[in-house]
Amino acid sequence: MSDSWYERTVLPYLLDFSCGMKPIRKQRMKVIPQASGRVLEIGIGTGLNLPFYDPGRIKSIVGVDPGMQMHRLALKRSIAAGLKIELMGVSAERLPVADASFETVVSTYTLCTIPDPVAALKELRRALVPGGRLLFSEHGRAPDENVLKWQTRLQPYWMKVAGGCRMDRDIPALLAEAGFKAKVESRYIPGPKVLSFHYWGEAVAA
């Protein structure tokens with residue numbers, strides 16, 4: 001079984017299932033309905049956020065994800081949600097969008113897998129209009145030393161089966177390094193502790 005076969009045929013459905021579980025859906029519901037205007041969503045994947053957008057608040061949605069094998073499911077969900085979306089098969093570190101062209105940018109369960117998350121966040125800041133908002137919900141670095149040790153131990157194995165996902169990224173630190181001022185909430189949600197410490201909220205350019 002080659003990695004390419006796994007990533008092409010198995011991983012999209014594995015991610016769709018795991019990222020669509022009830023505790024994760026509840027996290028999405030905390031941030032996605034706040035989106036408005038022209039929206040850029042990075043790591044749109046299979047479109048799991050699409051049912052939570054408020055169509056009355058949205059002018060347009062551009063979804064970015066290099067995993068083009070997942071675009072078909074995203075398009076299917078966009079039709080079900082009554083939303084028209086444009087999909088781009090690119091990575092978020094270099095976005096082919098104009099400066100100051102979106103009122104809202106969205107990142108959910110994405111910063112864990114992007115190879116250079118600070119570069120991606122700087123691109124999101126560039127894409128936002130003055131006063132525009134980044135809405136985010138991400139899992140990441142646990143505050144408890146014992147949990148963090150297990151995140152570190154399991155990381156090399158987890159990355160191989162989870163599309164490069166990192167358990168231990170410090171989301172508030174990444175936002176600050178990329179030039180954002182963030183309102184962040186955090187706590188464990190139901191699930192394995194190594195994967196369930198969550199950060200969510202909104203951020204604007206500092």
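Start by selecting Asp-168: this residue is buried, with a relative accessible area of 15%. Buried here means under 20% relative accessible area, while exposed means over 50% and partly exposed lies in between (1.4 Å probe, protein chains only). The side chains of Asp-168 and Arg-166 meet in a salt bridge, 3.5 Å from N to O. A salt bridge is a side-chain nitrogen of Lys or Arg within 4 Å of a carboxyl oxygen of Asp or Glu. In general, side chains of opposite charge can pair when their charged atoms come close.

Before you go on, know that this is a predicted model, where local features need pLDDT of at least 70, side-chain atom pairs count only at pLDDT 80 or more, and totals for chains, interfaces and linings use all residues. Residues are numbered from 1 along each chain as its sequence is written, and side-chain values use heavy atoms, with hydrogens and water left out.

How many salt bridges are found in the whole structure? The search finds six.

Next, select Glu-103 and Arg-38. Their closest N and O atoms are 2.5 Å apart, in another salt bridge. This pair links distant parts of the chain: Glu-103 sits in strand E4 (residues 102-108) and Arg-38 in strand E1 (residues 37-42), 65 residues apart. Strands (E, at least two residues) and helices (H or I, at least four) are DSSP runs, numbered from the N terminus. Color by accessibility if you like: Glu-103 is partly exposed at 24%, and Arg-38 is partly exposed at 31%.

Then hop over to Glu-202 and Arg-133, a salt bridge with its closest N and O atoms 3.3 Å apart. Here too, distant parts of the chain are linked: Glu-202 belongs to strand E7 (residues 197-205) and Arg-133 to strand E5 (residues 128-139), 69 residues apart. Glu-202 is partly exposed, with a relative accessible area of 22%.

For the last stop, select Lys-22, Arg-25, Lys-26, Lys-30 and Arg-187, which form a positive surface patch. Patches are made of residues with over 30% relative accessible area and no salt bridge, with like charges joined within 9 Å and nonpolar side chains (Val, Leu, Ile, Met, Phe, Trp, Tyr) within 5 Å. Lys and Arg count as positive. Which helix gives the patch its largest share? Helix H2 (residues 22-31) does, with four residues. Finish by clicking on Lys-26, which lies in helix H2 and is partly exposed at 46% relative accessible area.

Definitions and conventions
Areas by Shrake-Rupley, 256 points an atom, 1.4 Å probe, with all protein chains shown as cover. Charge placed at Lys NZ, Arg CZ, Asp CG, Glu CD.
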